[in-house]
Amino acid sequence: MAEEASGEEEMHHQYSWSKLPPEVLSLIFSHLFLKQDHDIFGAVCKSWKSAVAFHTPNPLPLEFSYGRSPFLMTLREGRCDFFHPTHSSYYLHIPELLDKRILDSKYGWLLVAGTGDEKLSIFFFHPLTKEKIGLPDIPSPSLVSEFSFYSLPTSSKECKVVAIDNSGIVYLNICVTKPGEENWTKVYLFYNDEKRFLYGGTRHFICCTPVFHNGKCYCLDRTGKVAVFDLKDIEDSWDFCGKPYSKVNHQLVVQSFMVECDGQLLTVFLGDGARIWICKLNPITREWTKVEDLGNKVLYLSNGASWVETAVFEGMGNKIYLPILCPTTNNILFYSLETGKFHSHGHDFSRKNFYNMKQFQQSTWIEPWY
């Protein structure tokens, strides 16, 4: 009996959870999205706690990066649902986000707006750590259409927030601030015959989150025209770098998105349930050209934040993940450039349109970043 007990102890020691290789612990930890799960992981034993201490939010090696895919975060009355593009989903109740609106998202942080008729409260919020960083209120909130920021909010010297007010008939108003400042700096860019967001006699608003690219800020209107300016000298640097894309029926466009991909700007125009146009900006001719293949790139699009990533596993590339829920699978809808159809993981769902599907207006793609 003593020998049998000794054998069991030896087997227990040999297969102890505390003896798992570091690369396995890293793989397990990379699949944990919620902060409380991270805390529980580190409380298992000393070796697991050590793995947490040395873990970094930088991208993991390809074979261990599956869990680093972004989640689509949707917001409704303080309830936050996190949808993974290919599998599981999470739910959190975050009272701090009750009656709030998502403006942008980067590095795991949200840029959030409160409610108000006379002024708009703006702040940074980390939905998993609950950390909050305040920003100056914005007067006349109904006039501001889009927001964006670059650099980590915790870096007050580098982080800047840009708000676009294009309500003026003769000007475009750029508002800039950063954490720690008490006011917004306003710059009015007056239109002329060559510089204006006008097309065919009808004025088109900026309709997607501005993009920071090569040190400059790019703003897209519904016709494909792009205003660009340097934040160091907005008034003297602003210009247009994109001509309206003639092959897109802009009367049918209901949403548009712009992202930076390998040093180039891409735009995606969504039609009225069936059409989708993907374009790439030629920096020399300043014209949009059609994109028919994304290779191993994956586009994640939403009203809050959009970006491009290299596919982390086979079958993920050449797809566009949208803020739309598939009614059959209850998973995120994606568009495949290979098939020219809309699909959803975990089911043989395939359609040429996304009619009668739930679109999340209050949503953003967010990275598991700590």
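Is Y321 buried or exposed? Y321 is buried, with a relative accessible area of 0%. The notes below start from this residue; they refer to a predicted model.

1. Aromatic pairs in general. A pair of aromatic rings is described by the distance of the centres and the angle of the planes. Counted with a cut-off of 6.5 Å between ring centres, the structure has ten aromatic pairs. The ring centres of Y300 and Y321 are 5.6 Å apart and the planes meet at 25°, so this pair is stacked; the limit for stacking is under 30 degrees.

2. Y300 belongs to strand β24, residues 297-300, and Y321 to strand β26, residues 319-325, so the pair ties together parts that are 21 residues apart in sequence. Y300 is buried, at a relative accessible area of 2%. For Y321 the value is 0%, and that residue is buried too.

3. A second pair, with another geometry. In F342 and F354 the ring centres lie 5.2 Å apart and the planes stand at 70°, so the pair is edge-to-face; the limit for that class is over 60 degrees. F342 is in strand β28 (residues 341-344), while F354 is in the loop between β29 (350-351) and β30 (358-359). The two residues are twelve apart, and the pair links distant parts of the chain. Both F342 and F354 are buried.

4. The aromatic cluster. Y300 and Y321 return here as members of one aromatic cluster, together with F334 and W365.

5. Charges over rings. Which lysine lies over the face of F149? The residue is K106, at 4.7 Å from the ring centre. A further case is K225, which lies over the face of F240 at 5.0 Å from the ring centre.

6. An open sheet. Four strands make up an open sheet, in the order β10-β11-β12-β13, with antiparallel pairing. Its edge strands are β10 (146-150) and β13 (185-190), each of which pairs on one side only. From one strand to the next, the twist averages 20°.

7. How many bridges join strand β11 to strand β12? There are five, between residues 160-165 of β11 and residues 171-177 of β12, and the two strands run antiparallel. As one example of the residue pairing, V162 has V176 in β12 as its bridge partner.

Methods. Residues numbered from 1 in each chain as written. Predicted model: local features only at pLDDT ≥ 70, side-chain atom pairs only at ≥ 80, totals over all residues. Heavy atoms only, no water. Phe/Tyr/Trp six-rings, centres within 6.5 Å; stacked < 30°, edge-to-face > 60°. Buried < 20%, exposed > 50% of the residue type's maximum accessible area, 1.4 Å probe, protein only. Lys NZ or Arg CZ within 6 Å of the ring centre and 35° of its normal. Pairing = 2+ DSSP bridges. Axes fitted to C-alpha atoms, helices over the stretch in contact; angles between N-to-C directions.
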